[in-house]
Amino acid sequence: MNNQEIVTKLWNLCNVLRDDGITYHQYVTELTYILFLKMAKETGSENNIPEEFRWNRLVEKEGIELKNFYRRLLLELGTKGTGRIKDIYTNANSNIDEPKNLEKIIKSIDELDWYSAKEEGLGNLYEGLLEKNANEKKSGAGQYFTPRPLINVIVQLTDPQPGEKCNDPAAGTFGFMIAADQHIKNKTDKLFDLDENLQEFQKKEAFTGCELVHETHRLALMNAMLHDIEGEIYYGDTLSNLGKKMKDFDVVMTNPPFGTKTGGERPTRDDLTYLSSNKQLNFLQHIYRSLKRDGRSRAAVVLPDNVLFQEGDGQKVREDLIDKCNLHTILRLPIGIFYAQGVKTNVLFFTRGASDKDNTKEVWFYDLRTNMESFGKRNILTEEHFEEFIKAYTAEDRGSIKDERWSVFSKEQIRDKGYSLDLGLIRDEAITNYDQLPDPIESAEDMVAKLEEATDLLMSVIKELRHLEGCE
């Protein structure tokens with residue numbers, strides 16, 4: 001049984017819990033509690049788990065005794081555990097009320113072919129579950145999950161190296177950092193090509209992050225642990241003062257949450273220059289401020305269209321970004337690849353300058369949105385869709401690339417447009433004849449004239465009515 005088959009079987013167990021009213025997202029969290037114990041046994045890493053709460057003790061119990069034991073286990077590991085164990089089980093609660101359902105899930109997990117799972121990698125198995133959860137609309141988890149092909153392309157182009165400090169300030173389930181770790185392991189024979197000190201650094205310091213949502217933070221910790229990553233993953237808000245300690249990174253890759261702060265309030269953090277109710281603008285400031293000022297540190301960040309054209313604080317943040325960093329590339333992403341239908345997104349690639357002025361000379365745009373097929377469950381985004389963009393991005397002479405989707409704007413052109421970056425989109429073939437479209441200026445003037453005519457007519461009617469009523 002391969003990992004994909006195991007993931008399908010584990011996912012189908014969720015049907016057992018329907019009568020308990022458990023959501024898909026709650027189910028994945030519940031699986032995390034149980035799978036942690038099973039995987040600790042399979043990998044021979046139960047030493048940090050009290051003997052009375054190890055897998056063999058759990059699987060031997062049944063009925064109400066199992067239910068009571070399981071709830072005590074969650075409490076004990078969350079309050080008296082140490083390290084990652086305590087982090088994963090802190091405030092853990094079970095949503096399973098029916099003992100028979102809990103028993104069925106535990107015994108089904110125990111009967112799976114764990115030898116094959118270990119051969120393919122337990123981390124890959126767990127990520128398969130997270131991806132399944134993200135793709136299920138009812139789970140609501142898509143907001144924490146960036147499509148794997150997009151992550152892989154971003155990591156490939158950002159190209160983290162051994163010894164570099166990488167960070168995701170909106171970590172979700174830690175997908176970017178997991179992919180960055182795998183990218184480096186693929187280039188270094190699973191780190192065996194590195195000396196002992198660098199191997200230790202890669203395991204304990206290279207990959208860090210921060211996640212605001214408690215349940216998602218728990219999933220990120222589990223994901224990191226199964227990939228043998230021990231870097232710090234803070235539980236909290238990057239846009240609070242906690243974020244001030246997250247700095248001096250070589251690489252930042254992230255997909256911050258979309259939307260505004262609840263109630264429109266501004267962040268509590270006190271060191272951002274342009275405080276805004278737009279969370280993406282605040283995240284963008286945090287990201288380029290958190291990079292080392294060495295001319296080499298770099299970032300790739302997924303952001304919605306409004307960041308490219310929002311006036312006021314938006315313009316100031318973009319101008320600051322263009323000054324402090326070399327914003328060299330913007331990828332206009334297809335619509336429909338994220339959980340929110342119709343949301344328009346982009347990837348901004350930039351390098352922090354050694355100084356804070358005049359770092360961007362020109363910005364290259366690639367339009368992967370216009371005249372693109374519609375993506376969704378039936379038509380999945382793949383890495384092949386990015387092939388032409390990668391070719392353009394990595395070209396030694398970008399100007400030699402002949403691709404209508406590939407265009408460049410100088411800093412002066414961007415400045416003349418009020419630092420708007422809503423650029424680089426090609427002609428939409430859905431509009432068949434541009435020559436037949438009305439001139440927008442003439443249309444506006446015609447509308448104003450008709451409005452004035454209607455107003456004059458209305459005023460004359462009112463005047464006549466007043467006259468008839470003897471008001472004059």
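Predicted model: local features only at pLDDT ≥ 70, side-chain atom pairs only at ≥ 80, totals over all residues.

Student: How exposed is Asp159?

Tutor: Its relative accessible area is 29%. Buried would need under 20% and exposed over 50%, so Asp159 counts as partly exposed.

Student: Where does Asn371 lie, and what is its phi?

Tutor: Asn371 is in the loop between strand S8 (362-367) and helix H16 (387-394). Its phi is positive, about 55°, and Asn371 is not a glycine either. With a relative accessible area of 28%, Asn371 is partly exposed.

Student: Now the strands. How many residues of strand S2 (residues 207-211) are buried?

Tutor: In a regular strand the side chains alternate between the two faces of the sheet. One therefore asks about each face in turn. In S2, 5 of 5 residues are buried. Phe207, Gly209 and Glu211 are on one side, Thr208 and Cys210 on the other, and both faces are covered.

Student: Which strands pair with S2, and in what sense?

Tutor: S1 and S2 run parallel and are joined by 3 bridges. In that pairing, Asp168 stands opposite Gly209 of S2. S2 also pairs with strand S3 (residues 233-235), again in the parallel sense and over 3 bridges. There Glu211 stands opposite Tyr235 in S3.

Student: How does the chain get from S2 to S3, and with what handedness?

Tutor: The chain passes through helix H12 (residues 214-226), and this β-α-β crossover is right-handed.

Student: Finally, the packing. How many residues does the largest nonpolar core have, and which have the most contacts inside it?

Tutor: That core has 101 residues, and Tyr89 and Phe174 have the most contacts inside it. Helix H2 (residues 24-42) supplies the largest share of this core, 11 residues.

Student: What does Tyr89 touch, leaving out residues up to four places away in sequence?

Tutor: On that count, Tyr89 touches Tyr33, Phe36, Leu37, Leu73, Leu74, Leu77, Gly78 and Arg218.

Student: Which residues does the second core include?

Tutor: The second core is separate and has 29 residues, among them Met246, Leu281, Leu284 and Ile322.

Terms used:
Residues numbered from 1 in each chain as written. Heavy atoms only, no water. Core = buried A, V, L, I, M, F, W, Y, C linked by side-chain atoms within 4.5 Å. Buried < 20%, exposed > 50% of the residue type's maximum accessible area, 1.4 Å probe, protein only. Helix = DSSP H or I, 4+ residues; strand = E, 2+ residues; numbered from the N terminus. Contact = heavy atoms within 4.5 Å. Pairing = 2+ DSSP bridges. Right-handed = clockwise from strand over helix to strand, strands pointing away.
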